Amino acid sequence: MKEQGFSRKVTGAMKAIQFHEAGGPEVLQYDEVAIPAIGPGEVLVRVHAAGVNPPDWYLREGMKVMPADMRPALNFPLIPGTDMSGVVQAVAPDVSGFAVGDEVFGMLRFPGFDGRTYAEYVAAPASDLAHKPAGTDHVQAAGAPMAVLTAWQYLIDLGHDVPSPFTGQVHRPVPITPGMTVLVNGAAGGVGHFAVQLAKWKGAHVVAVASGRHEQFLRELGADEFVDYTTTQATDVVSGVDLVVDTVGGPDSSRFLSVLKRGGTMLPVFFAQYDPEETARLGITVSNIQVRSNGPQLAEIGRLLGEGGLRVGVDSTYPLPEAHSAHTRAAQGHLQGKIVLTVVS
Ligand SMILES: NC(=O)c1ccc[n+]([C@@H]2O[C@H](COP(=O)([O-])OP(=O)(O)OC[C@H]3O[C@@H](n4cnc5c(N)ncnc54)[C@H](OP(=O)(O)O)[C@@H]3O)[C@@H](O)[C@H]2O)c1
């Protein structure tokens, strides 16, 4: 029978990564804090693994990456992290669908920047969670949520009507149909390796752009063509593409417009600048989103993971107390899949 309410009350102290000021990886401290209480709509999760994502270091750096007028106010100390996989310990009385002992994974409260998953326990909105597929371990499940939800919400189903804070426009995914060509730039990274797999799952011909050491990884995930950007400009060898997913962005991102066919779509995942006159002349639609927490979408994704239709690439793992080393690894770049913190081994 399902255990309900606060029946298994968990109180006391836990370990968590906190930072008391913005700065480099060295500001991440392994502190003792109170186990969080759960509120309405929440469950308490014993975290087994926590995924590491770019917003974690944006927050650690004081959100300097965002335009000044969009920066949230920061009240230190802060526990970083949005993604986790773990086991439910307590369930608020108004929550249905989750019970004590369930294995769950999720991206919590994003874009709220208060997921607080770099910890032994987290209070998680049930609406942000899905059951972890049995054949997927906690490390893989913790690595998935933000990166796979980003790829899903760009390519498959946005799942909400909130306009992108960067453009004021609501994104509409372009249905990917068999035979379409999809190019993924930054294909080996968190978002990129899921975008490759989702485009392939929908029947696209997939061109992956990454540095050379990722070729075998990306071919195994389904890439039909591979371009090593360190030796070859994709714009020299690729054309007639229906859809570009660019997870790299930056000042020269508009060069990828030239690989698209007229009527094609450019999906910048990171900040990128395009001249609206040029895109109008080329007949190209540019659209972006800010990913949002979504448990039901993760449940669909969980089914795909469970069936083996989707794989989670794991770049590296670090024990929770060494979160600073995980952030140092992230800063080195060239990730192949996800960095994950292990909390219960
Ligand atoms: N819009 C949203 O809601 C949203 C959501 C999630 C993430 N993001 C943003 O999307 C970006 C990617 O996130 P992520 O988690 O996928 O990052 P990531 O895991 O660090 O992956 C980035 C990948 O880009 C590759 N790369 C770097 N320079 C490249 C270049 N010049 N050409 C091609 N590939 C290059 C890297 O490996 P190699 O260089 O070795 O190939 C790496 O695999 C971040 O800036 C993040 O902030 C946005």
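**The ligand and its surroundings**

Q: How far does a polar side-chain atom of Ser211 lie from an oxygen atom of the ligand?
A: This is a predicted model, in which local features need pLDDT of at least 70 and side-chain atom pairs count only at pLDDT 80 or more, whereas totals for chains, interfaces and linings use all residues. Residues are numbered from 1 along each chain as its sequence is written, and side-chain values use heavy atoms, without hydrogens and water. A polar contact is a pair of N or O atoms within 3.5 Å; within protein, one must be able to donate a hydrogen and the other to accept it, and residues adjacent in sequence count only if both atoms are side-chain atoms. The distance from the Ser211 atom to the ligand oxygen is 2.5 Å.

Q: Which residue has a polar backbone atom 2.8 Å from a nitrogen atom of the ligand?
A: The backbone of Gly189 has a polar atom 3.1 Å from an oxygen atom of the ligand. For the ligand nitrogen, at 2.8 Å, the backbone atom belongs to Ile289.

Q: How many charged residues does the shell around the ligand have?
A: Ala, Val, Leu, Ile, Met, Phe, Trp, Tyr, Cys and Pro count as nonpolar, Asp, Glu, Lys and Arg as charged, and the others, including Gly, as polar. The shell holds 13 nonpolar and ten polar residues.

Q: What is the angle at which α3 and α4 pack?
A: Helices (H or I, at least four residues) and strands (E, at least two) are DSSP runs, numbered from the N terminus. Axes are lines fitted to C-alpha atoms, for helices over the stretch in contact, with angles from 0 to 180 degrees between N-to-C directions. The axes of α3 and α4 are 8 Å apart, and their angle is about 45 degrees.
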